[in-house]
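Dear colleague,

Please find the structure below, handed over to you together with its sequence.

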Amino acid sequence: MIPFRNGSRWLLAAIALSVALAQPLAAQTPNAEEEAKRILAITGLVDQIRDGAPQLAEQLQAYLRERNPGREADIRHAVEAAIMPAIGRRLDELLQLAAQPLLRGFTAEELSLIRRFLELRLDQRLEGALQLVAFEIERESPGWVRKVAEETLAQSRDARLRGLRY
């Protein structure tokens, strides 16, 4: 997990923007739907769907057995020979559905930036860097707070603060 979860989205967006600004933009505008599908592939969703096919086949068979008692052989044949191959052929339709939140939330150019960010594996590098940031803050903040408190108390003109020791 990336530490600083609430602020990490802004940081990720800023880094993605800086990556994009460092790269020349293509002469033609990217196709938003294609960019969204590429993001789904990069993030592993397509592989996850394919890897889940055996479980889906089992679930389909169980569902059909409840509604068609005594037809186990027909059900197995329907799932293996007809339904699962049809799902495989039409997987692109599912990906179009899955891409809708990306298409509603980002422009084609932004999707291109996100894809580039993920292709460069900056998300993984950023996660490691943010873990180091958290470690550094944890290690350094007590001394820094002490220094600020001591300096503030020493420089204060407020009579109530004079003589206070940190």
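Let me begin with the charged pairs: the count comes to 11 salt bridges, a salt bridge being a side-chain nitrogen of Lys or Arg within 4 Å of a carboxyl oxygen of Asp or Glu. Please bear in mind that this is a predicted model, in which local features need pLDDT of at least 70 and side-chain atom pairs count only at pLDDT 80 or more, while totals for chains, interfaces and linings use all residues. Residues are numbered from 1 along each chain as its sequence is written, and side-chain values use heavy atoms, with hydrogens and water left out.

Lysine 37, which lies in helix H2 (residues 32-42), takes part in two of the pairs described here. With glutamate 33 the side chain of lysine 37 forms a salt bridge at 3.3 Å, N to O, and because the two residues are four apart in helix H2, about one helical turn separates them. With aspartate 92 the side chain of lysine 37 forms a salt bridge at 3.1 Å, N to O; this pair links distant parts of the chain, since aspartate 92 sits in helix H6 (residues 91-105), 55 residues apart from lysine 37. Lysine 37 counts as buried at 12% relative accessibility, whereas glutamate 33 at 29% is partly exposed, as is aspartate 92 at 40% (buried means under 20% relative accessible area, exposed over 50%, and partly exposed in between, with a 1.4 Å probe and protein chains only). Leaving aside residues up to four places away in sequence, lysine 37 touches Asp92 and Gln96, where contact means heavy atoms within 4.5 Å.

Another salt bridge joins the side chains of arginine 67 and glutamate 66 (3.3 Å, N to O), and salt bridges that share partners connect Glu35, Arg38, Arg115 and Glu119 into one network.

As for the fold, the protein has eight helices and zero strands, these being DSSP runs numbered from the N terminus (H or I, at least four residues, for helices; E, at least two, for strands). Helix H5 (residues 72-89) has 18 residues and should span 26 Å at 1.5 Å a residue, which agrees with the 24 Å between its end C-alpha atoms; the expected span is 1.5 Å times one less than the number of residues. The buried residues of H5 are Ile75, Val79 and Met84, and they pack against helix H4 (53-67).

With kind regards
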